[in-house]
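Hi everyone, thanks for coming along. I'd like to walk you through one model today, so please have a look at it with me.

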Amino acid sequence: MAGCKPQAAPVGAGKKIKIAIDPLTRIEGHLKAEVEVKDGVVVDARIFGGMFRGFEQILIGRDPRDAIQITQRICGVCPTAHATASALALDDAFNVTLTENGRIARNLILGANFLQSHILHFYHLAALDYVNGPDVAPFVPRYAKNDVRVSKDINDIAVGQYLEALEIRKILHEMVALLGGKMPHVQGIVVGGTTEIPTREALNAYADRFKIVKKFIMEKYLPIVYLLAGPYGDLLKTGGGYHNCVAWGVFPMDSAGNTLHKRGVFTEGKDYPVNTALIKEYVKYSYFDDATTGLTPSQGKTVPAPDKERAYSFIKAPRYNNKPHEAGPLARMWVTNPELSKIGQEKLGVKNMRDIGDAAFSILGRHVARAEETAMVAGAVEQWLAEAVPGKETYVSAPIPDSSEGLGLTEAPRGALLHYINIKDKKIANYQVTSATIWNANPMDDMGQRGPMEQALIGVPVPDTENPVNVGRLVRSFDP
Amino acid sequence: MKDKLMVLDEQQKQTGVSRRAFLKTITGTAAGIGISQVFNPVLISAMEKALETHPVLWIQGQSCTGCSVSLLNSVDPSIADILLKVISLQFHPTIMAAEGGVAMENLFKIAEAYNGKFSLVVEGAIPVAADGKFCIVGEFNHQEMTMVDLVKDLGKKAGSVLAVGACAAYGGIPAAEGNVTGATGVMDFFKLYGIQTPVVNIPGCPPHPDWIVGSIAHLLTKGLPELDDDGRPVIFYGNNIHDNCPHVEEYDAGEMAMTLSDAKGCRMDLGCKGPDTYADCYKRKWNSGMNWCVDNAVCIGCVEPGFPDASSPFYEPA
C-alpha cells in the first residue's frame, strides 16, 4: 500500500544479481526483461522479443491492396497506424494524390486512435506501476512491496479515472468507427484515401464525442501525470538511455505534406533531416539469418533462424546512421519541440518541450511527453473537424501498377513506423515493416551497442530485487 | 474452499453491488441486439453460482491483442462491470497488475485449484514449428515456456476453452499462406495432442465484444452453446451477411456500388464477401452500433475458417 518507499540499503551490496521478468505484462505482445543489478542499480540489461508471426513472408504474392488489411493485424492497439503507413506506401507505389477531404478523413481516423492509444497506455497499461487497483483480480496479485507512494485519496481518484478512461477510450473507438467502419481493424483506410465520405451527421457525432474526450484529457489525464511528478520525482532523473530520437512526422496538414509533428532525427545532441538510406537493420543477436544483417528496408529480407545460438530476440535491431535511436511520443515531441500545454508550462516552469532538458529523457519524462502530445493532437482534431467538408469525395480510384515501389513513413502512437512495398506483376514482391517497438525494444546490434530500451535500463534503481518495480516502469514508459 | 469464496466476497465488497443485482440489470436489457438473448432471468442464480467456481484465465499466443481491445469496447455490460462484477479474470497479460513470476505462479495456482472448472480463453494462434520457439509466453520455475507448452498444460486442466478470434479459432493471419511458424488454431492443436476439453470458437478479426461476453455468459450459465460445423455459437454466427444486408434490396434491383466511397448499392462487385460469411454484424453493428464494415467498405469474411486466404484478394469479387 501507500508509503512503501524503496529500501535505503541495497540488498546484496557489491555482488551482481540477475533478475528475469517474463512475461513483462501490460504491453502489446510478448516481452521479457533480464537485468543485472549491482549495489541497487541496473548494470546490464537485455530485452527479449519472444514472438514471431512472419507477416513479411505472408504478404508476398498477394494483391497489394490487401496489405492495408493484413498489416493492421500486426497490432490491435494501433491498427490505424499500420493502415496509414501501408496506405502511404501504396499511395506512393500507385502514384495517387489524395483529395483534401481524404487527407482530413485519414487524420480524423488516425487522430482518434492516437488519443485512444495514449489514454489506454497511461491508465490501463502503465498506471498500475504507480497506484493500486481494487483488491480483486486482475488487479491482484501484485508485488508484495510495489513502491506505491500516493495517498489513499489520490489512489482512489486514480482508480476512478482508470474506470472512466475505459469509457473514454471506448468513445474514441466509436469516433474511429464513424469514419473507419469498425475498430480494432478499420475498413475505411484504402489506397487513394478513405471509403466513407463524411456526412454532417457523422461529423457531428464525432464532434459530440470529442468534446467529452477533450475535457477528460485536459482535466484528468494531463493533471494526474503532473501530479505523479510529486511522489515519483526521482523517476524524472533515471531511464534516459541514448537521448537519440527518430521521428518520421505524422498528420499531413496540407497537400504539400507538411506534418503536425516534424520529421527529423536527433543524434548525439544535433538535429538532422531524415535520409531513409541511413536506416539499417542488424540481426547478429536476433533470430534471423546472419546473411541478412545490415540491410536497408528496401533491400530487407526476413529469414527466421529460431535456433541461432547467439540470438536472444525475434526483434531486429534497426539503427539510424549506425546509432541506436528511440522512437515514440518523447522522440516526436523532442524533434518537433512544440509549446507545452498551459498546465505543463505552469508545473514545469518552462515553455517548450526542449526546455525540459535532460529530465525529458526519463521514465516519467516519457509519460509527460505522451500526455502533452495527447493535448497537442486533440488541438489538431478540432482543426480537422472544422476543415472536413460533408459530402465531399475522400477517395481516388487508381489501378494496380504492374511494377512499382512505395515508401510509407508515419508515426504510430508508440513511435516511428515505416512500411515499404515492392510490386512486381501486380503482386507484392517484397514488403518490409519497421515499427516503433522494433526501434525501442531491440537487442544488441552487430557493433555491440545495446538497444535503446536496454540502454535506458542501465542505472535504473532496483533497491529491492524481490520487487523490481522500476524495471517494468522503465519498459512501459516506452509503450512497447 | 477459501479461495473460491474470496473471489466473490472480495468483489462484492469492492464494488458495493451484489452480483445478483448486477445480473438483473444486464438480463433486463431490452431484446434485439446486446447479449440479453443469452440470458434468461431464471438462470441468474445459476450464473451466480457458476461465477464462484469458474475463474477465467486468458492467455495470448501469436496475437495482436486486437481481440482483447475489442472486448474493452463492450457496451452492455461495460468492461468495467465485466472486470469487477461479471468474471473473475485471474490472468490476462495485457491488463493484469502482476508480471513475471508473480503472474505465472498465480496462473498455475488457479489452474490447480480450479482444475476441470476454470475457463481458458485463448487469443492468438499456437505456433507448433521449431518446437514452439516462435512464441515464448513466460518463465515458470526458471524454465522458459512456449505457447505450445502452456496450451498443452492448461488445455487439459480447463473445464472449457474459448478460442477467441480468427487466430485462436482457425489459425487466422499467422496461419495464412507463406507462414513459417506452423501457426495453428486451438481445435486443430487439441486434435494433434489428443486433448478432449470442449472448445467454443469465437472467430472474427477481431470478434465483436458481444460474441465474447455472450459466449462466456452462456458457458457459465447454461454450459456449451449450440455450435455450427465450424465450432461457432449459432446464436451469433447463424445467419448469412448478404441475405440480411441492408443493401440486399439494391442487389436484387441490380444497383451495385461502383467505387469504394459509394454510399449506396450492393458492394459485391467491389469484393464484398458477405455472401460467404455468417455473422450478425448486419444487425449488431460495431463500436456501440456506430457503423459496420459493409456500410463503410466491404466485408472481408473475417469470421470464416479460411480467413484470410479464402477471402483474398479482398477487393475482387469472389
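This is a predicted model: local features need pLDDT of at least 70, side-chain atom pairs count only at pLDDT 80 or more; totals for chains, interfaces and linings use all residues.

Residues are numbered from 1 along each chain as its sequence is written, while chains are lettered from A and ligands numbered from 1 in the order in which they are written.

Chain A has 12 helices and 15 strands; these are DSSP runs numbered from the N terminus, helices being H or I of at least four residues and strands E of at least two. Its C-alpha trace spans about 70 × 55 × 45 Å along the principal axes.

Now the sheet. In chain A, an open sheet of 3 strands has the order β13-β14-β15, with antiparallel pairing; strands pair if DSSP finds at least two bridges between them. β13 and β15 (427-434) of chain A are the edge strands, each pairing on one side only. From one strand to the next, the twist averages 15°.

How many bridges join β13(A) to β14(A)? There are 9 between β13 (residues 404-412) and β14 (residues 415-424) of chain A, and a hairpin joins the two through 2 residues. If you zoom in, A:E405 stands opposite A:N422, and A:L407 stands opposite A:Y420.

On to the helix pair. Helix α6 (residues 200-228) and helix α9 (residues 363-387) of chain A pack at an angle of about 155°, with their axes 10 Å apart. Axes here are lines fitted to C-alpha atoms, for helices over the stretch in contact, and angles run from 0 to 180 degrees between N-to-C directions. So α6(A) and α9(A) are roughly antiparallel, the word for angles over 145 degrees. By class, their contact has 17 nonpolar, 2 polar and 1 charged residues. Ala, Val, Leu, Ile, Met, Phe, Trp, Tyr, Cys and Pro count as nonpolar, Asp, Glu, Lys and Arg as charged, and the others, Gly among them, as polar.

Finally, the two chains. Their contact takes 68 residues from chain B and 71 residues from chain A, where contact means C-beta atoms, placed from the backbone, within 7 Å. On the chain B side, the largest share, 5 residues, comes from α4(B).

Definitions and conventions. Angles under 35 degrees count as roughly parallel, over 145 as roughly antiparallel, 65 to 115 as roughly perpendicular and the rest as oblique. Two residues are in contact if their C-beta atoms, placed from the backbone, lie within 7 Å.
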